[in-house]
Amino acid sequence: MTESTTTPAAAPGDRTVTGAPIRLEGVVKKYRGTTKPAVKKLDLEIDAGDIVAFVGPSGCGKTTTLKMINRLIEPTEGKVFIGDRDVTNEDPDKLRQSVGYVIQSGGLFPHWSVRKNIGAIPRVLGWDKKKIADRTDYLLDLVGLDAAAFADRLPKDMSGGQQQRVGVARALAADPPVLLMDEPFSAVDPITRVRLQDSLIAIQHEVAKTIVIVTHDFEEATKLGDKVLIFSEGGQIEQYATPEEILANPANAFVEEFIGSGATLAHLTLSRVKDVEHDEVTTATVGESSKEVAGRARAAGHTWIVVVDEHGRPRAWPSLREVESQDRITDYIDSRLPTVATSSTLNDALDSMLAASQGGTLVTDGRGRVVGSLTIASVMSVIRGQLADARDDVASYESHHHGDQQDASLPAFSESAQTAESEASRS
Ligand SMILES: Nc1ncnc2c1ncn2[C@@H]1O[C@H](COP(=O)(O)OP(=O)(O)OP(=O)(O)O)[C@@H](O)[C@H]1O
């Protein structure tokens, strides 16, 4: 028998995983001076090329666990492996050069240009100038920034979202197999956050690292995570599974409580967009003075506007920063603009937001004219209100139904309950 010497060809669209698996074995963290361990005893395997999102209530040990992977926090007990390397025995500085790390506000050196920031670790590693310059240009493009415009800027001359993009580029500079992200998108506005999330998904599609991300936001976790890890206090794993599995089969009452009631979904198809109060929007037409439009928007407390055509139909929804980057409103058309009609269900609205990967959507009337906007938060708050009402109804039914003595203040209800019971017993 002859051995095959050919390596199986990758299927079209297959990506080369450059990430390494991460394994935690019996990892414990006891902070000095505390009685309860922050992380009790954690065994965890993360597959190469996966994004795993850590979620859980405040203080449950997410950040502690994350930082034990690059030993910004030293484990009290246990071992951490990246690939085959037992990193608990490595020089921590060396280790951190091979593990990308992204924190909340980018964490860039403020007096260094973007180029210098991105080149920080490659310089320490002794790369030559040309290689660093090429890598910087590649990474800026990867994170969606124009190298010609941004490479020589200082962080303070960039938006929070742009700084965070540079933070990601810097973390990827030395091509590490692992990227750790500690609430990377929590300091930016929701629209920017959605864009950064989408950008991370696109980047990961290309680079296929192993990414661990700590987030407070379950939506973000389900959006980004190939798997989501739900912790409870003491770094206890309550469920570690794909978002679909968690939503369909929460492992226990803790997880159920954490992700919210499943009834939420049922309500989405019952309610309509017109039942939800829309936010007002500032509209403008192509060619108007940007300054005037921005002034109008600010007076209304808006941070973005909708550019509409002569029929009032939306073309784009630029932020004021984008508006003010030009003298006049441009004729740009955003082909991915999410819109829903007032007659759509809330489910449609969420679909539209998700399809466009947006945290909000424009609302149009039957003729496609913009009448306002809707955010996921406002849709969710309506649903939560409905659920609370539904629970109150059930609770009041149960308290009266199961009470031994009749409540004199509710004779009609008691009677009807009794009637229903006697009818049921007759049938
Ligand atoms: N340096 C420290 N010294 C003592 N206790 C600490 C220290 N850092 C964290 N802790 C405690 O360890 C526990 C876990 O903290 P950790 O920051 O890992 O939680 P977390 O899940 O990331 O919380 P959050 O979501 O609020 O950021 C908490 O009870 C916290 O108070």
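Me: Which residues does I246 touch, not counting residues up to four places away in sequence?
Reply: The model is predicted. In it, I246 is one of the residues with the most contacts inside the largest nonpolar core, which has 40 residues. Leaving out residues up to four places away in sequence, its partners are F218, V228, I230, Q239, A241, V255 and I259.

Me: How many residues does the other core have?
Reply: The largest core includes I118, M181, I230 and I246 as the residues with the most contacts inside it. Another core lies apart from it, with V27, L42, C60 and V214 among its members. The number of residues in this other core is 26.

Me: How many helices and how many strands are there in the protein chain, and what share of its residues is buried?
Reply: The protein chain holds 17 helices and 16 strands. Of its 427 residues, the buried share is 44%.

Me: Is E183 buried or exposed?
Reply: E183 is placed in the loop between β7 (178–182) and α8. Its relative accessibility is 14%, and the limit for a buried residue is under 20%. E183 therefore counts as buried.

Me: With which residue does the side chain of E183 make a polar contact of 2.8 Å?
Reply: Not counting residues up to four places away in sequence, E183 touches Q104, V214, T215 and H216. H216 is also among the residues that surround the ligand. The side chain joined to that of E183 by the 2.8 Å polar contact belongs to H216.

Me: What share of the area exposed by the ligand taken alone does the protein bury?
Reply: The residues surrounding the ligand include K62, T63 and T64, and this shell divides into four nonpolar, seven polar and one charged. Oxygen atoms of the ligand lie 3.1 Å from a backbone N or O atom of C60, 3.0 Å from a backbone N or O atom of G61 and 2.8 Å from a polar side-chain atom of T63. Taken alone, the ligand exposes 640 Å², and the share buried by the protein is 59%.

Me: Why is helix α1 largely enclosed by the rest of the structure, and which of its residues are buried?
Reply: Helix α1 covers residues 62–69 and is followed by R71, whose phi is positive, near 60°. Six of the eight residues of α1 are buried, so the helix is largely enclosed by the rest of the structure. The buried residues are K62, T64, T65, L66, M68 and I69.

Me: Which side chain is joined to that of K209 by a polar contact of 3.0 Å?
Reply: K209 is found in the loop between α8 (190–207) and β8 (210–214). With a relative accessible area of 1%, K209 is buried. Among the residues it touches are T18, D50, D175 and Q204. The side chain joined to that of K209 by the 3.0 Å polar contact is that of T18.

Note on methods: Residues numbered from 1 in each chain as written. Predicted model: local features only at pLDDT ≥ 70, side-chain atom pairs only at ≥ 80, totals over all residues. Heavy atoms only, no water. Helix = DSSP H or I, 4+ residues; strand = E, 2+ residues; numbered from the N terminus. Buried < 20%, exposed > 50% of the residue type's maximum accessible area, 1.4 Å probe, protein only. Polar contact = N/O pair within 3.5 Å; in protein donor to acceptor, adjacent residues only side chain to side chain. Contact = heavy atoms within 4.5 Å. Near = heavy atom within 4 Å. Areas by Shrake-Rupley, 256 points an atom, 1.4 Å probe, with all protein chains shown as cover. Nonpolar A, V, L, I, M, F, W, Y, C, P; charged D, E, K, R; others polar. Core = buried A, V, L, I, M, F, W, Y, C linked by side-chain atoms within 4.5 Å.
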